[in-house]
Number of protein chains: 2
Amino acid sequence: MVKGSVKAARSAETREAILAAAERLFAEHGVFVVSNRQISEAAGQGNNAAVGYHFGTKTDLIRAIVRRHAEPIDALRVRMLARAGASREVRDWVACLVRPGAQHLSCLGAPTWYARFAAQLMTDPVLRELMIDEAFGPSIVNSLDGLNRCLPDLPPAVRLERGDMARQLMVHTLAERERALADGTPTVHADWDAYADGLIDAITGLWRAPATAT
Amino acid sequence: MVKGSVKAARSAETREAILAAAERLFAEHGVFVVSNRQISEAAGQGNNAAVGYHFGTKTDLIRAIVRRHAEPIDALRVRMLARAGASREVRDWVACLVRPGAQHLSCLGAPTWYARFAAQLMTDPVLRELMIDEAFGPSIVNSLDGLNRCLPDLPPAVRLERGDMARQLMVHTLAERERALADGTPTVHADWDAYADGLIDAITGLWRAPATAT
């Protein structure tokens, strides 16, 4: 290996160590209380400025963590959408929304931290925009489009509203289950697949519910 | 008025000013980025230690804000539960869960901040326990009991799971609507009552959905 590529490999390793440490610390202690200095230390970096050097601002670091997960989740969803094709079953499209996130966490193996981290971003007045930009892209829109084609009579405003509700449930129930696993609290479902089944049941019911005219 | 009661009245006014300022700043900028000093200033207190003097720690202040809202919401729910009596309609019990929070925000008049503040607490690894202790008391349990009596065949684990989902939806859709109102973003529903109708429709559908055996 030439000198330049050794340096590049080391830099990639350091970035990876920082991302992993930051994600864990953010999930366990909160995005705002953890300092770049604490992250550098937890990542085994002698230099306390390592986070700044490799990522820039805290927001840039947060964006990098989101991308590290949003990209594989999106890829899983794109494949599911291809299989769903032109399905007329509400449940198939809800599965495209729900299952990729659960499957991704399952593939990471225990413990995971991303779901708790993501839930914090979604309730922060500033960081939620970042999260929505990075993690709610075209594959989510296509899933919702499929869903809407199955339910042609639902008023547009109710579709919007139920799309938001589904997103809230996906983000926050994923985080609750991850937290329970981390704390050793008993969970309702044996694994992420069964969790996804339960959430798909519930969101399918939510979407199919008749809407009160208001 | 005797001297002691004038002093007590002033102290109550100061506490009220601090609670209002803290709630607004927390909702708009985030619970962790706002300092006690900023709150004291926004509450018109010359003394930057006013928050500490009147409330103790930041956690104590947060608890006081939660109580200020959780108590009237609970009182509304207790009255609704009395009216629901022995209803066998899922929708009536879901209404006991959902409507009191919406009604409380409606009574406060625009703008409100509590929903955004509460949503932040619910995703924080530490503060969520405080929120659950203060805001999810017996009236919530009684609403869920009523609901469960309407759906005797649902497995216990699924009941638990759907109770959590309903809680997530209540907390986070309330916060989304409050945020949209604050930002001037168009909202799906004309008022908090119509919002509650939409959420009651959705949660009723969620609860009634058949459960996949896992």
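Let's start with residues 113-205 of chain A: their end C-alpha atoms are 29 Å apart, and the span is 80% helix and 0% strand. UniProt, in an unreviewed entry, lists this stretch as "domain: PsrA tetracyclin repressor-like C-terminal". Please keep in mind that this is a predicted model.

**Chain A overall**
- Chain A contains 10 helices and 0 strands.
- Along the sequence, the pattern of chain A reads α-α-α-α-α-α-α-α-α-α.
- Taken along the principal axes, the box filled by the C-alpha atoms of chain A is roughly 60 × 40 × 35 Å.

**The other annotated span of chain A**
- Residues 18-65 of chain A carry the UniProt annotation "domain: HTH tetR-type", again from an unreviewed entry.

**A helix pair in chain A**
- Helix H4 (residues 58-84) and helix H7 (residues 127-135) of chain A pack with their axes 10 Å apart, at an angle of about 30°.
- H4(A) and H7(A) cross in a right-handed sense.
- On the H4(A) side, the contact is made by Thr59(A), Ile62(A), Arg63(A), Val66(A), Arg67(A) and Ala70(A).
- H7(A) brings Leu127(A), Leu130(A), Met131(A), Glu134(A) and Ala135(A) to the contact.
- By type, the residues of this contact between H4(A) and H7(A) are 7 nonpolar, 1 polar and 3 charged.

**Helix H5 of chain B**
- Helix H5 of chain B, residues 90-108, has 19 residues.
- From first C-alpha to last, H5(B) reaches 28 Å, which is close to the 27 Å expected at 1.5 Å a residue.
- There is a bend of about 35° in H5(B) at Val98(B), with a proline, Pro100(B), following within four residues.
- After H5(B) comes Gly109(B), which has a positive phi, near 80°.

- In chain A, the peptide bond from Ala110(A) to Pro111(A) is cis, and its omega is near -10°.
- Pro111(A) sits in the loop that runs between helix H5 (90-108) and helix H6 (114-123) of chain A.
- In chain B, Ala110(B) and Pro111(B) are joined by a cis peptide bond with omega about -10°.
- The loop between H5 and helix H6 (114-123) of chain B is where Pro111(B) is found.

Key:
Residues numbered from 1 in each chain as written. Chains lettered and ligands numbered in written order. Predicted model: local features only at pLDDT ≥ 70, side-chain atom pairs only at ≥ 80, totals over all residues. Heavy atoms only, no water. Helix = DSSP H or I, 4+ residues; strand = E, 2+ residues; numbered from the N terminus. Expected span 1.5 Å × (residues − 1). Bend = angle between axes of the 7 residues up to and from the residue. UniProt positions renumbered as here; feature names shortened; annotations may be inferred. Axes fitted to C-alpha atoms, helices over the stretch in contact; angles between N-to-C directions. Left-handed = near helix turned anticlockwise from the far one by under 90°. Contact = heavy atoms within 4.5 Å. Nonpolar A, V, L, I, M, F, W, Y, C, P; charged D, E, K, R; others polar.
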